Amino acid sequence: ENFSEERVVYRDASPPSVELFEPPEDSNIFSGQIEFNFTSLDNLAENLTCNITLDSEVLDSDFNVSSGVLATRVSTVSPGTHLWNITCWDVVGNSNTSETRNFTNFEAPSVSLDQPDNNSWVNYSEIILTYNIYDSDNNIKNCSLYINGIFNQTNSSEIKNGEINNFTLDFGQGESGWNVEC
């Protein structure tokens, strides 16, 4: 009597589940880079293949995720209101699509430093730092000044969209770097 080797066959008729985390339903996002977080869980398969669909078109396709592990994908998304979902499938083609959620992406404001020019030398301590801010949504809440990478103050006057705004600051001796965040 002689036996052949034993072979294993897997039968999988169950689709994976897909649970969405980020961005949440009806969220407002102020960045062109959107972080999509989700988990897909399969009863047998350790790895799954997924797509991110945005506004009925595949945005990010055929990427692999581990079953039951939080997956994060980052994609550039234009301003506006968007619908999104995730579809995942296992090795035998069982697939499932998550709920569809929406979010609104607002274009980040554009900030440019005006005066003083980079690498300027001055012999007075009170310096007026001017900058221009433009926001297509005209929804600027505030602007903050950073000196040498450390928060210094938030603008106390009304922000003028598309116009020159300023901070006035007493500087000590030496080099100081500055930037503005709005």
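1. Ser17 comes first. Leaving aside neighbours within four places in sequence, Ser17 is in contact (heavy atoms within 4.5 Å) with Thr39, Ser40, Leu41 and Asn96. Ser17 and Leu41 are 24 residues apart along the chain, yet their C-alpha atoms are separated by 5.2 Å. Ser17 lies in strand E1; strands are DSSP runs of at least two residues, numbered from the N terminus. Ser17 has a relative accessible area of 37%, so it is partly exposed. Here buried means under 20% relative accessible area, exposed over 50%, and partly exposed in between, with a 1.4 Å probe and protein chains only.

2. A note on the basis. This is a predicted model, where local features need pLDDT of at least 70, side-chain atom pairs count only at pLDDT 80 or more, and totals for chains, interfaces and linings use all residues. Residues are numbered from 1 along each chain as its sequence is written, and side-chain values use heavy atoms, with hydrogens and water left out.

3. Now the cores. The largest nonpolar core has 19 residues. A nonpolar core is a set of buried Ala, Val, Leu, Ile, Met, Phe, Trp, Tyr and Cys residues joined through side-chain atoms within 4.5 Å. Among those with the most contacts inside this core are Phe36, Cys50, Trp84 and Ile86. Strands E1, E3, E4, E5 and E7 each supply at least two of its residues. E4 gives the most, with four. A second, separate core has 14 residues, including Leu129 and Trp178.

4. Which residues does Ile86 touch? Not counting residues up to four places away in sequence, they are Val18, Leu20, Phe38, Cys50, Asn51, Ile52, Asn96, Thr97 and Ser98.

5. Next, Asn165 in strand E14 (residues 164–170). Its relative accessibility is 3%, so Asn165 counts as buried. A polar atom of its side chain lies 3.0 Å from the backbone oxygen of Glu163. Beyond four places in sequence, Asn165 touches residues including Leu129, Tyr131 and Asn155.

6. Aromatic pairs: the whole structure has six. Rings of Phe, Tyr and Trp (its six-membered ring) pair if their centres lie within 6.5 Å; planes under 30 degrees apart count as stacked, over 60 as edge-to-face and the rest as tilted. Phe30 and Phe106 are stacked, because their centres are 5.0 Å apart and their planes at 15°. They sit 76 residues apart, each in a loop.

7. Tyr131 and Phe167 are also stacked, with centres 5.5 Å apart and planes at 20°. Tyr131 is in strand E11 and Phe167 in strand E14, so the pair ties together parts 36 residues apart in sequence. Both residues are buried.

How values were computed. A polar contact is a pair of N or O atoms within 3.5 Å; within protein, one must be able to donate a hydrogen and the other to accept it, and residues adjacent in sequence count only if both atoms are side-chain atoms.
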